[in-house]
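Take a look at the structure shown here. The report below walks through its packing, one region at a time.

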Amino acid sequence: MGLLANHALVFAQLLVDGKNHGVQSFVVRIRDEKGLPMPGIQVGDIGPKIGYNEKDNGFLIIRRVRVGREAMLERYVKVHPDGQVTRQGNPKIGYATMMLIRRQLSTKWPFSFGTAISTAVKYSLKRKQFLEQGVEMSVLDYQCQQQKIMPALADYYVLVLVGRKIDKLAQRNLELILKNDDSILSETHCVLCFAKVFSSERGLHHLEWLRLACGGHGYSHYSGIPSTYLQALPNVTLEGENTILLLQTAKLLLKASHAYSAEGREMPRTMSYLQNAESFIGKPC
């Protein structure tokens, strides 16, 4: 949107006869045939960022812009010519599709993280330093080098294997929503919130140690690690800042725990461990 887009999908409150029908999406023309902003439109690039600079993220200011009724996407909410507003299907499908990027960050991003692990392991095997019985040792044989690399490798396996289960859960949720069944929407939201936080923060943490494990070579862009690190930096902020996502996770866990203990409701499968919370709360790890 910052440089090239002629249209934008704008999310705005739908007000009809003073009644608020919630946030809806509208296709709005923002540039003309010459690439200049349309009347009432201010649009541009937000400038250089700490990472993800291949994406021209933009800003958009709309002042007194009128669009036709046909500009609104009306699959679930429709405004008729007489002003009547009708709903059809399950509008929560929109929220389910918004989970897509968090799903990708939790299930696809670890593979990029894995390339940095591969680089660090290969470097540590080939790089030899200090004599042991007259033979130079691979730096991977040293415990301090293993402490930098092995935790990253362990977390990588966790992220990939858990990611497969998360992917299945998110796909199942989408399929149910399409059938007007939102029974696992809250559970999926909770899982994706925490998975996005864990994946982005652990990946970023390990990337720095993997870079250090490669010495001066890791500082060079030729290693591929710095570019991967820069690509990972925005992940802790985009699609929900991690602090907020952790708060949402805690809120959903407390809500499910209360429903189980106070109302006798069955807990979602991924939260069922809280049924035995008394056995581990307050005990050292």
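Predicted model: local features only at pLDDT ≥ 70, side-chain atom pairs only at ≥ 80, totals over all residues.

**The nonpolar core**

In soluble globular proteins, nonpolar side chains tend to be buried together. Here, the largest nonpolar core has 21 residues. Five of them have the most contacts inside it: Phe113, Ile117, Ile149, Leu207 and Leu210. Four helices each supply at least two residues of this core: H3 (109–126), H4 (143–178), H5 (185–213) and H7 (225–232). Helix H3 gives the most, with six residues.

Leaving out residues up to four places away in sequence, Leu207 touches Trp109, Phe113, Ala116, Ile225, Thr228, Tyr229 and Ala232.

Two of those partners deserve a visit of their own. Ile225 sits in helix H7. Its relative accessible area is 0%, so Ile225 is buried. Beyond its neighbours within four places in sequence, Ile225 is in contact with Ala116, Thr119, Leu207, Leu210, Arg211, Cys214 and Gly218. Now compare sequence and space. Ile225 and Lys179 are 46 residues apart in sequence. From C-alpha to C-alpha, Ile225 and Lys179 are 44 Å apart in space.

With 9% relative accessibility, Thr228 counts as buried.

Two packed helices are described by the angle between their axes and the distance between the axes. The table gives both values for each pair.

| Helix pair | Angle | Axis distance |
|---|---|---|
| H2 (100–107) and H5 | about 45° | 8 Å |
| H3 and H5 | about 20° | 10 Å |
| H5 and H8 (242–263) | roughly 145° | within 9 Å |

Start with H2 and H5. Their angle of about 45° makes H2 oblique to H5. Their crossing is left-handed. On the H2 side, the contact uses Arg102, Arg103, Leu105 and Ser106. On the H5 side, it uses His189, Leu192, Cys193, Ala195, Lys196 and Ser199. By class, the residues of the contact of H2 with H5 are four nonpolar, three polar and three charged.

How are H3 and H5 arranged relative to each other? Their axes meet at an angle of about 20°. Angles under 35 degrees count as roughly parallel, and H3 and H5 are therefore roughly parallel to each other. H3 passes H5 in a left-handed crossing. H3 brings Trp109, Pro110, Phe113, Ala116, Ile117, Ala120, Tyr123 and Ser124 to the contact. H5 brings Ser199, Ser200, Gly203, His206, Leu207, Leu210 and Ala213. This contact of H3 with H5 has ten nonpolar, five polar and no charged residues.

The last pair is H5 and H8. This crossing is left-handed. From H5 come Ser186, His189, Cys190, Cys193, Phe194, Lys196, Val197, Ser200 and Glu201. From H8 come Asn242, Leu245, Leu246, Gln248, Thr249, Leu252 and Leu253. Sorted by class, the contact of H5 with H8 has eight nonpolar, six polar and two charged residues.

**A residue in strand S2**

Next comes a strand residue. His21 is found in strand S2, which runs over residues 19–29. Is His21 buried or exposed? His21 counts as buried, because its relative accessibility is 12% and buried means under 20%.

**Positive phi angles**

Finally, look at the backbone. Arg64 has a positive phi of about 50°, although Arg64 is not a glycine. Where is Arg64? Arg64 lies in the loop between strand S4 (58–62) and strand S5 (77–79). With a relative accessible area of 88%, Arg64 is exposed.

Phe130 has a positive phi too, near 75°, and is a residue other than glycine. Phe130 lies in strand S7, residues 128–132. Its relative accessible area is 54%. Exposed means over 50%, so Phe130 is exposed.

Definitions and conventions
Residues numbered from 1 in each chain as written. Heavy atoms only, no water. Core = buried A, V, L, I, M, F, W, Y, C linked by side-chain atoms within 4.5 Å. Buried < 20%, exposed > 50% of the residue type's maximum accessible area, 1.4 Å probe, protein only. Contact = heavy atoms within 4.5 Å. Axes fitted to C-alpha atoms, helices over the stretch in contact; angles between N-to-C directions. Parallel < 35°, antiparallel > 145°, perpendicular 65-115°, else oblique. Left-handed = near helix turned anticlockwise from the far one by under 90°. Nonpolar A, V, L, I, M, F, W, Y, C, P; charged D, E, K, R; others polar.
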